[in-house]
Amino acid sequence: MIKEAIIPQSKSPCAQPGGGGPLTYEFDRSDFWRSIPAWRDIDPETFGDFRWQQRNSITSIQGIQKTLKELATPSLIADIEAGLLKTPMNLRLTPYIFSRIQWGNMENDPVRRQFLPLGSQFVPDHPHVMDDSLAEDSNKATPYLTHRYPDKALFLPITLCPVYCSFCTRSRVVGGSTAVKSKSTYGAKSTEWDATFDYIRNHPELEDIVISGGDALLLRPNQIRHIGTTLLEIPTVRRIRFATKGVAIMPMKFTSDKEWVEALDEVCQIGQKRMKEVALHTHFNTDREITEWTSRAMKSLSATGVRVRNQSVLISGVNDGFDCLHYTGKKLSSQLIQPYYVYLHDMVPGCEHLRTTVQKAEHLSRRLQGSIAGFNTPRVVCDAPGGGGKREISSYTLYDYEIGVSAWTSPTAKPGEIFYYYDPIHRLPQDGQALWANKAEISRRLANFKSEAEAKAEATRH
Ligand code: SF4
């Protein structure tokens with residue numbers, strides 16, 4: 001039985017007034033990091049040096065204690081310690097993003113929530129979560145390349161990042177082992193990339209190559225140059241995108257690492273001469289991550305001609321309110337960053353407290369449409385678990401919001417297959433939660449749902 005949804009109106013913690021009059025875009029120009037006890041004497045020049053940011057990144061509980069000093073209460077430290085025993089992601093925050101956290105309201109802070117897991121906030125995993133929820137490994141064409149869509153491929157030359165996000169979809173490989181997850185993280189080894197380039201050369205249908213990871217920010221300038229020029233020299237490759245969270249978490253990289261920006265600039269110039277697009281896809285989730293440092297980074301990047309787009313993840317208690325998504329989208333647009341996607345949170349382990357429902361995402365998508373110029377309105381999508389690829393949030397074949405299961409088809413990437421997304425159980429209506437507590441009942445209901453979805457998918461195939 002499919003019921004109509006009643007959507008509660010929610011305000012997200014990063015909310016700015018979104019309706020009616022003109023918006024003002026405020027960019028924090030203050031020395032905000034000086035509110036962190038260990039950085040009271042750090043001047044803007046030092047703070048604005050990417051090497052200082054890398055050297056002073058927080059990677060351990062001891063690092064948090066040393067940096068926060070009196071702000072690190074014993075209960076906070078115990079809660080983070082408990083969180084680290086449950087998460088598949090390691091701890092790494094740049095000083096920039098660490099000092100965007102409002103430590104006085106740390107528990108509900110949308111920036112803290114993305115990077116620092118609290119044991120007290122964890123919720124047991126949904127029975128259907130998967131380590132590799134997007135089936136990237138089973139679609140591997142070479143050890144570094146996933147080829148799923150006909151004309152696009154995903155190149156993963158590195159699995160290290162300058163920060164580690166609690167919600168990472170590649171938590172199975174990114175960022176080293178944790179108490180609950182052992183993984184084979186790898187750094188960039190350019191001597192091993194030839195088979196990947198050869199594969200792309202031998203598949204002329206591949207027009208778009210995404211260079212992700214991990215984070216392209218940690219590729220050395222000569223590696224950016226090597227990847228960029230090799231790909232652009234392949235006649236059939238039309239567009240390349242470097243994926244980096246850098247603009248959101250270490251914007252000073254783009255003003256203080258001249259060599260890296262020059263390498264990107266060279267790649268952009270080659271692209272321009274060949275009428276090929278070079279883009280940088282970044283990852284802001286809230287407007288709190290956008291400051292005066294972002295504006296400076298964007299001025300530097302704009303000079304290279306690179307096109308910058310943003311991909312957000314919809315995260316409960318972070319950006320799952322219209323005001324937040326709307327204001328963040330508008331503020332990014334004001335900095336020449338095009339809001340591109342808002343992803344429904346993938347079904348990966350250790351993230352249940354951060355996920356939300358298809359119903360909520362659909363509601364937000366409807367509200368966003370028409371509230372920003374079309375080309376700056378992000379597409380809200382579900383990356384269909386099991387490798388169906390990105391699907392518009394309202395394009396499911398069937399959705400039972402009570403038990404939180406939706407069925408999706410993917411006629412281009414995987415014709416004939418059906419993919420299922422499961423909403424987090426603790427966000428379902430009471431009746432739905434009760435059904436999940438009864439194994440026999442939920443199996444019956446899921447079996448009925450699946451046969452109905454198959455029949456519907458079959459009917460629309462012809
Ligand atoms: S920056 Fe991207 S790849 Fe790295 S941990 Fe965050 S979400 Fe994962």
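**Polar contacts, salt bridges and the domain interface**

The side chains of Thr 286 and Glu 289 are joined by a polar contact of 2.8 Å. A polar contact is a pair of N or O atoms within 3.5 Å; within protein, one must be able to donate a hydrogen and the other to accept it, and residues adjacent in sequence count only if both atoms are side-chain atoms. The model is predicted: local features need pLDDT of at least 70, side-chain atom pairs count only at pLDDT 80 or more, and totals for chains, interfaces and linings use all residues. Residues are numbered from 1 along each chain as its sequence is written, and side-chain values use heavy atoms, with hydrogens and water left out.

Thr 286 lies in the loop between β6 (277-282) and α12. Helices (H or I, at least four residues) and strands (E, at least two) are DSSP runs, numbered from the N terminus. Thr 286 is buried, with a relative accessible area of 0%. Here buried means under 20% relative accessible area and exposed over 50%, with partly exposed in between (1.4 Å probe, protein chains only).

Helix α12 spans residues 292-302. Eight of its eleven residues are buried, so the helix is largely enclosed by the rest of the structure. Among the buried residues are Glu 292, Trp 293, Met 298 and Leu 301. Thr 291 caps the N-terminal end of α12. A side-chain oxygen of Thr 291 lies 3.1 Å from the backbone nitrogen of Trp 293.

Thr 159 sits in the loop between β3 (152-155) and α7 (194-201). A polar atom of its side chain lies 2.6 Å from the backbone nitrogen of Tyr 186. Not counting residues up to four places away in sequence, Thr 159 touches Val 173, Val 174, Gly 175, Thr 185, Tyr 186 and Gly 214. Contact means heavy atoms within 4.5 Å.

The structure holds 28 salt bridges. A salt bridge is a side-chain nitrogen of Lys or Arg within 4 Å of a carboxyl oxygen of Asp or Glu. One of them pairs Arg 172 with Asp 132 (3.5 Å, N to O). Arg 172 lies in the loop between β3 and α7, and Asp 132 in the loop between α6 (110-115) and β1 (140-142), so the pair ties together parts that are 40 residues apart in sequence. Arg 172 counts as buried at 9% relative accessibility. Asp 132 is also buried, at 16%. Both residues belong to a network of salt bridges that links Asp 132, Glu 136, Asp 137, Lys 140, Arg 170 and Arg 172.

Arg 239 forms a salt bridge with Glu 207, the closest N and O atoms being 3.1 Å apart. Arg 239 lies in strand β5 (residues 239-243) and Glu 207 in the loop between α7 and β4 (208-211), so this pair ties together parts that are 32 residues apart in sequence. Arg 239 is partly exposed, with a relative accessible area of 27%. Glu 207 is partly exposed as well, at 32%.

Within helix α14, Glu 362 and Arg 366 are four residues apart, about one turn of the helix. They form a salt bridge with closest N and O atoms 3.9 Å apart. Glu 362 counts as buried at 9% relative accessibility.

The protein chain is divided into domain 1 (26-394) and domain 2 (396-462). These bounds come from an automatic or database domain assignment. The C-alpha centres of the two domains lie 30 Å apart. In contact are 31 residues of domain 1 and 22 residues of domain 2. The domains bury about 2,100 Å² between them, 61% of it on carbon and sulfur atoms. Buried area is the accessible area (1.4 Å probe) that two parts lose on being put together, summed over both. In domain 1, His 126, Val 358 and Arg 391 lose the most area to domain 2, together 21% of what that side buries.

Across this interface the rule finds zero salt bridges. The count of residue pairs in polar contact is 14 (both at pLDDT 80 or more). On the side of domain 1 that touches domain 2, the elements giving two or more residues are α14 (358-368), β9 (379-384) and β10 (389-392). The largest share, three residues, comes from α14.
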